[in-house]
Amino acid sequence: MQTGQGYAIEDKTMRMTMEKTKRRVKISSIGVYVPPKILTNADLEKMVDTSDEWIITRTGIRERHLADESQATSDLCLEAARRALDQASLKIDDVDLILVATSSPDTLFPSTACWVQKGLEATEIPAFDLSAGCTGFLYGMIVAESLILNGTCRRVLLIGGELLSKITNWKDRATCVLFGDAAGAVILEESPDESGIISFFWQADGRLADLLYLPAGGTRRPASEETVRQGLHYISMKGNEVFKHAVRRMGEAALEALKRAGLKPEDVTHFIPHQANIRIIEATGERLKLPPEKVYTNIDRYGNVSVASIPLCLEELRAGGKLKKGDIILMDAFGAGFTWAAIVYRW
Ligand code: UT7
């Protein structure tokens, strides 16, 4: 069945997955911020019972960047946002909404977006956070697209910012070798041409929530001496379980989004997967039968920076002159929730 807005809606899955056939929303600028301090695998060998060899072969990570003690997530987001505004020669007054995707907010409330708003001195535009684990940046693009297309916003400043080092247990070798800190910001607005979001696919399964979560500090398990003693304010993850779901769902999401776009894997110019583990990335690339040169990776240099990983990859490709007008970019992510999503985008 076709609706009046050009969306194809056939069944439950299709309702969550819209193929847009007319107006498009595009990224008009990107800004990223990565804190300068680097923690190498050799540094980690001195902290926990691990080895450079194990980390590289099991994850693909060589080093990660960490924020310093004085920084909060909004500080990273602020820097990325300023760079995105500068790149577009825009002021914050030209933006109608600040949307921050994060799982490591400055405070439970107000939102990190409001702290960013304060830093940008942008009073009276709406600002809020979106929590969708590592998939948050793609969820944010999907939400922003619809706000722009329905006329609520002209421009959205979307920031994926994460400061995971402050919620990581540095004594737990199973998690502390994985994560890094970074932020990536984009400005989204209506496209004057064919470039922009062509299609997307997004889903979640809360039944699997406790395979990757922050056990304490919320209303389920408020902070107490006991929760602190047990280290429940740190990331808890059943890594090998998460791994299996990530491989399955990222493959499915990518294929569904491509189908909605009327495209095939061979039409993809650049595949940008969430950078959680090189083995997940390679398995997904193989499922899509993509040659390795089309699969972008930078996990060796940053580790898993959650919502910042896709904008960081995009900006590296852009700054390296590798994005050409008309290129088809497939973005794909999986994270806590579980959540997963893919977007097909024409540059
Ligand atoms: O971004 C959101 C989504 N997150 C993800 O997608 C992460 C998904 N999971 C993963 O990337 C992988 O599961 C990990 C990298 C976290 C772990 O790799 P794995 O191959 O699944 O290892 P495992 O957890 O099954 O552990 C295998 C062995 C265990 O030892 P035994 O029981 O076989 O003796 C672990 O204790 O590796 C051990 N191990 C380590 N050894 C050295 C776990 N962490 C380490 C470590 N160094 N850092």
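**Exercise 1.** How many residues does the largest nonpolar core have, and which residues have the most contacts inside it?

*Solution.* In this predicted model, the largest nonpolar core has 45 residues, and those with the most contacts inside it are Leu138, Met141, Leu188, Leu314, Met331 and Tyr345. As a next step, consider the helices: helix 6, spanning residues 136-149, gives the most to this core, contributing 9 residues. A second, separate core of 41 residues includes Val177, Ala254, Ala257 and Val295.

**Exercise 2.** List the residues that tyrosine 345 touches, leaving out those up to four places away in sequence.

*Solution.* Taking contact as heavy atoms within 4.5 Å, and with those sequence neighbours not counted, tyrosine 345 touches Val25, Lys26, Ile27, Met141, Gly196, Ile197, Ile198, Asp327, Ile328, Ile329 and Met331. Among them, Met141 and Met331 are also listed, like Tyr345, with the most contacts inside the largest nonpolar core.

**Exercise 3.** Describe how helix 9 and helix 10 pack.

*Solution.* Begin with the geometry: helix 9 (residues 239-261) and helix 10 (residues 278-287) pack at an angle of about 35°, their axes being 9 Å apart, and their crossing is right-handed. Then name the contact residues, which on helix 9 include Phe243, Ala246, Met250 and Leu255, and on helix 10 are Arg279, Ile280, Ala283, Thr284 and Arg287.

**Exercise 4.** Where does pLDDT stay under 50?

*Solution.* The chain has a mean pLDDT of 94, with 94% of its residues reaching 70 or more, whereas pLDDT stays under 50 over residues 1-9. Where pLDDT is low, the predicted coordinates should not be read in detail.

Note on methods:
Residues are numbered from 1 along each chain as its sequence is written. This is a predicted model: local features need pLDDT of at least 70, side-chain atom pairs count only at pLDDT 80 or more; totals for chains, interfaces and linings use all residues. Side-chain values use heavy atoms; hydrogens and water are left out. A nonpolar core is a set of buried Ala, Val, Leu, Ile, Met, Phe, Trp, Tyr and Cys residues joined through side-chain atoms within 4.5 Å. Buried means under 20% relative accessible area, exposed over 50%, partly exposed in between (1.4 Å probe, protein chains only). Helices (H or I, at least four residues) and strands (E, at least two) are DSSP runs, numbered from the N terminus. pLDDT is the predictor's confidence in each residue, from 0 to 100. Axes are lines fitted to C-alpha atoms, for helices over the stretch in contact, and angles run from 0 to 180 degrees between N-to-C directions. A crossing is left-handed if the near helix is turned anticlockwise from the far one by less than a right angle, and right-handed if clockwise.
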